[in-house]
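Visitor: I should like to learn how to read the features of a structural model. Please take me through one.

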Amino acid sequence: MNSSEQLCISLLRECKTLNNLKQIHAFALKTRLENDPFIAGKFLLLCAVSLADALDYGRRIFLHIPSPDVFMYNTLVRGLSESESPQQSVIAYIKMRRSSTSQPDSFSFAFTLKAAANYKSLNTGVQLHCQALNHGLDTHLFVRTTLVSMYAECGCINSARKAFDELSQPNVVAWNAIVTACFRCGDLKGAELAFNQMPFRNMTSWNVMLAGYTKAGELELARRSFLEMPVKDAVSWSTLIVGFAHHGSFYEAFGFFRELQRFGMRPNEVSLTGVLSACAQAGAFEFGKIVHGYMEKAGFNRIISVSNALLDTYAKCGNIGMARLVFAWMMEKKNIVSWTSMMAGFAMHGFGKEAVELFHEMEDVGLRPDGITFISILYACSHAGLIEQGCEVFHKMTEVYKIEPSIEHYGCMVDLFGRAGLLKEAYEFIIRMPIEPNAIIWRTLLGACSIHKNVRLAERVKEQLSELDPDNSGDHVLLSNIYAVTGKWKDVAAVRRSMTDRRIKKTPGWSMIEVDKVMYTFVVGEGPNGVIEEAYEKLGEIMLRLKVEGGYIPEIGSVLHDIEEEEKEDAVSRHSEKLAVAFGMARLCQGSIIRIVKNLRVCKDCHTVMKLISEVYKLEIVVRDRSRFHSFKDGSCSCRDFW
DNA sequence: CTAGGGTTAG
């Protein structure tokens, strides 16, 4: 070994980034070391496995290797199996089969089978299984373990079980794989049975149970296993936080996050994204800021996934300014999720123009938008009334980027036309669509009929909905609202009667507000003990002042105009969003912004009241409803009364 | 090198 070879190897050992690697690679080219099999193998391993965003560079290096050995092929196959296009991994494997220099070994099959599992191709998986069999490698423990997970990923629990049962001496990993396999296929009992049969368990086996339970929505079982576990690690905590956040149990997620720190452990990137996701969903702005502070201190702001989650949190907590700041200044690196989240943030806040500009900027930096990016941008266009831009974007998606529109994209287009009052265009668009419209598509059109008071079309649409999703409370409410605004009271009564007859209950509305880092939830006329009285008292005072100073007149028919009405004769005055606002005004100090999160859409009367409050009391209210943000300031709302 | 945790839309 000569001295430049030694230098190169020690440099590679310290290599941390792609740029670093490129420098070393230049050195290797200059000293003619690039064809040294050991060094070339090291380069590949770093590119394919260790370094971020280096896979493409690794592929280019690979192309220049005259006759790659098995290790080199396996490394490439491995890197590609975890990439966005795992199909490429199998293609690389096929190239190896065609080459005269190398034959597949057990690693080749472990990696390619993982690739097949990642893109859920049973066909590929079975073929690889056969080839492994021909090479006498299908009984290899690692290959077999991957076979178990591949079959489970592809939905074949029986084949997975067979692959496991044929193992004479399964190790822990193989046992974990069969437990996971059972969970993947929805067989909780099978997973529990396997877990109990395991002759040995390490912490990972427990973590597998936690993950399986939370993914199945069995939060209580997950909690119980968590308490039972003898030793917990970072993954256990992360799994629990993410799982609870994902299933809407935000307070528990916050609780586990605090507890983790009390146990003297440090939050990692996964628990941070999990807790931020809980903040975003719950609208917990103050808690989000605390997490942000921790991120800055501990250096997590450099990790893309965490800063993406933070950007989303600020946007969903109503602070688009902070979201913008995170996007523009905090993120050294951005990926497609960052750009898409920023666009979605703009969309929620009604900043259609900004979203479209950002989309073009994204194209300019050479990043390829994906299907989700297009949903966000179309959503932005429809909520801001940018019809032309929306059509242009849709056209670009199919013609330039060759992305096949999904039902959600079609839904955005229906919304784009419908919301703008182009009901005929919206209807024709549905008829011309190459895929079968689902209930969501028709519901979107029904919403548009409601905004633009078109009874005839609404009735036609409702017929479609009655076939696809007859018991949806929102649809009935929407139809009854359309009858109400057009004065068809008999029809209103008929819809209501059919709802009672068929025992269709409307979704109860709730609103949340965060005061002193505690979240308070209100439902119609109700709230936490000791708090509800305070809210009512303040609300009475507010309404009086609005009538005297703001000229407020409660709309007589407004109960019936509710988009997702929470009727009952006097219900409007007790709507959860009014109670939450009143409580916030009673408790929060002067000058602070009142932030409310609501599960349904804001009702018309509440919308009017909030505009008046912002004027009479000179304060700012931000309401996040089911689909967007309303920022009330100086007597008007950012949605321009269009929602 | 095989098993376990993640952010974006609806």
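Guide: The dialogue below goes from the whole chain to single residues.

Guide: This is a predicted model, in which local features need pLDDT of at least 70, side-chain atom pairs count only at pLDDT 80 or more, and totals for chains, interfaces and linings use all residues. Residues are numbered from 1 along each chain as its sequence is written, chains are lettered from A and ligands numbered from 1 in the order in which they are written, and side-chain values use heavy atoms, with hydrogens and water left out.

Visitor: How many helices and strands does chain A have?

Guide: Helices (H or I, at least four residues) and strands (E, at least two) are DSSP runs, numbered from the N terminus. Chain A has 34 helices and 6 strands. Its C-alpha trace spans about 90 × 55 × 50 Å along the principal axes.

Visitor: What percentage of the residues of chain A count as buried?

Guide: Buried means under 20% relative accessible area, exposed over 50%, and partly exposed in between, with a 1.4 Å probe and protein chains only. Of the 643 residues of chain A, 51% count as buried. As for contacts (heavy atoms within 4.5 Å), 62% of those between residues at least 6 apart in sequence join residues at least 24 apart.

Visitor: How far apart are the end C-alpha atoms of helix 8, and what span should its 13 residues have?

Guide: The expected span of a helix is 1.5 Å times one less than its number of residues. For helix 8 (residues 122-134) that gives 18 Å, and the end C-alpha atoms are 18 Å apart, which agrees.

Visitor: Which residues of helix 8 are buried, and which are exposed on the other side?

Guide: The buried ones are Thr 124, Gly 125, Leu 128, His 129 and Ala 132. They lie on the same side of helix 8, because they cover an arc of only 140° around the axis; the arc is that of the directions from the helix axis to the C-beta atoms. Asn 123 and Asn 134 are exposed on the other side. The packing partners of the buried residues are helix 6 (87-98), helix 7 (106-118) and helix 9 (141-153). Just after helix 8, Gly 136 takes a positive phi of about 70°.

Visitor: Where does a residue other than glycine have a positive phi?

Guide: One of the cases is Lys 453, with phi near 55°. Lys 453 is placed in the loop between helix 27 (439-451) and helix 28, and at 51% relative accessibility it counts as exposed. Arg 32 also has a positive phi, of about 55°, although it is not a glycine. The loop that holds Arg 32 runs between helix 2 (18-30) and helix 3 (37-50); with a relative accessible area of 74%, Arg 32 is exposed.

Visitor: How many aromatic pairs does the structure hold?

Guide: Rings of Phe, Tyr and Trp (its six-membered ring) pair if their centres lie within 6.5 Å; planes under 30 degrees apart count as stacked, over 60 as edge-to-face and the rest as tilted. The structure holds 24 such pairs. One of them joins Phe 62 and Tyr 73, edge-to-face, at 5.1 Å centre to centre and 70° between the planes. Phe 62 lies in helix 4 (residues 55-63) and Tyr 73 in helix 5 (residues 70-81), so the pair ties together parts 11 residues apart in sequence. Both Phe 62 and Tyr 73 are buried. Another edge-to-face pair is Phe 244 with Phe 256, at 5.1 Å centre to centre and 65° between the planes. Phe 244 is in helix 15 (residues 234-246) and Phe 256 in helix 16 (residues 250-262), 12 residues apart. Phe 244, at 1% relative accessibility, counts as buried, and Phe 256 is buried at 8%. Phe 226, Trp 237, Phe 244, Phe 256 and Phe 263 form one aromatic cluster.

Visitor: What is in contact with Ser 236, leaving aside its neighbours within four places in sequence?

Guide: Ser 236 is in contact with Asn 207, Leu 210, Phe 226 and Met 229. Ser 236 is found in helix 15 and is buried, with a relative accessible area of 0%.

Visitor: Over which ring does the charged end of Arg 201 sit?

Guide: A charge sits over a ring if NZ of Lys or CZ of Arg is within 6 Å of the ring centre and within 35 degrees of the ring normal. The charged end of Arg 201 sits over the ring of Phe 195, 4.1 Å from its centre. For Arg 595 the ring is that of Phe 285, with 4.3 Å to its centre.
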